[in-house]
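Subject: Structure handover and notes

Hello,

Please find the structure below. My notes come after it.

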Amino acid sequence: MAIILSVTATSGRRERKKEATRRAILDAARRLFAERGFEAVKIADVAEAADVAPQTVFNHFDCKEDLFFGRYEDFVVGPSQAVATRADGESIINAVRRHVLATWSAPTCEMSSDWPGWMRTLDGCPALRAREGQLAQHCEELLAAALGAELGAAQRSGSGKG
């Protein structure tokens with residue numbers, strides 16, 4: 001039993017360390033983007049400011065644009081997860097609304113802290129707009145799949161969660 005607890009504690013520590021590194025990278029990127037503008041910042045600049053190797057940045061983020069969007073997983077995967085995991089009796093729209101409100105009000109939401117500046121940067125950069133489109137499309141695909149699964153389950157059982 002002690003071995004299992006030790007492994008669990010190590011796993012927890014490892015995950016906390018990964019999350020701290022990810023947060024340091026995001027904080028450094030956000031600071032540099034605000035100071036210099038998105039297009040003037042290189043991955044090497046972010047790595048240096050976060051005190052990590054450039055490869056470490058890519059271990060956490062696929063591309064520079066994903067640094068701008070930060071915790072985009074909450075926005076991309078979250079709505080479909082909210083549908084799939086909602087409580088019995090909760091409507092689909094209420095589950096998605098609850099998720100969106102919680103995500104936008106979270107202290108880790110990069111966009112909520114400086115919405116006008118965030119939008120100016122997004123509007124002024126074609127690469128960011130293209131990535132935003134890719135993320136939105138992925139979100140739509142996941143949500144469509146969750147809704148399709150819900151519809152299939154409702155048809156099989158003759159009812160649904162709502």
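The notes run from the whole chain to single residues.

This is a predicted model, in which local features need pLDDT of at least 70, side-chain atom pairs count only at pLDDT 80 or more, and totals for chains, interfaces and linings use all residues. Residues are numbered from 1 along each chain as its sequence is written, and side-chain values use heavy atoms, with hydrogens and water left out.

Overall chain

The protein chain has ten helices and zero strands; helices (H or I, at least four residues) and strands (E, at least two) are DSSP runs, numbered from the N terminus. Of its 162 residues, 32% count as buried. Here buried means under 20% relative accessible area, exposed over 50%, and partly exposed in between (1.4 Å probe, protein chains only). The chain exposes about 9,800 Å², of which carbon and sulfur atoms supply 58%; the areas come from the Shrake-Rupley method with a 1.4 Å probe, and for residues only the protein chains shown count as cover. Among contacts with a separation of 6 or more, 63% are between residues 24 or more positions apart, a contact being heavy atoms within 4.5 Å.

Aromatic residues

The structure holds four aromatic pairs. Rings of Phe, Tyr and Trp (its six-membered ring) pair if their centres lie within 6.5 Å; planes under 30 degrees apart count as stacked, over 60 as edge-to-face and the rest as tilted. The pair F33 and F38 is tilted, because the ring centres are 4.9 Å apart and the planes are at 55°. F68 and F69 form an edge-to-face pair, with 5.3 Å centre to centre and 85° between the planes. Ring pairs link F33, F38, F68 and F69 into a cluster. Relative accessible area is 9% for F33, 5% for F38, 7% for F68 and 5% for F69.

Two charged ends sit over rings: that of K64 over F38, 4.4 Å from the ring centre, and that of R131 over Y72, at 5.8 Å. The criterion is NZ of Lys or CZ of Arg within 6 Å of the ring centre and within 35 degrees of the ring normal.

In α9 (residues 115-123), G117, W118 and L122 are buried. The buried residues of α9 line one face of the helix, because they fall within an arc of 135° seen down its axis; the arc is that of the directions from the helix axis to the C-beta atoms.

D51 lies in the loop between α2 (43-50) and α3 (54-60). Phi of D51 is near 60°, a positive value in a residue other than glycine. D51 is exposed, at 70% relative accessible area.

Regards
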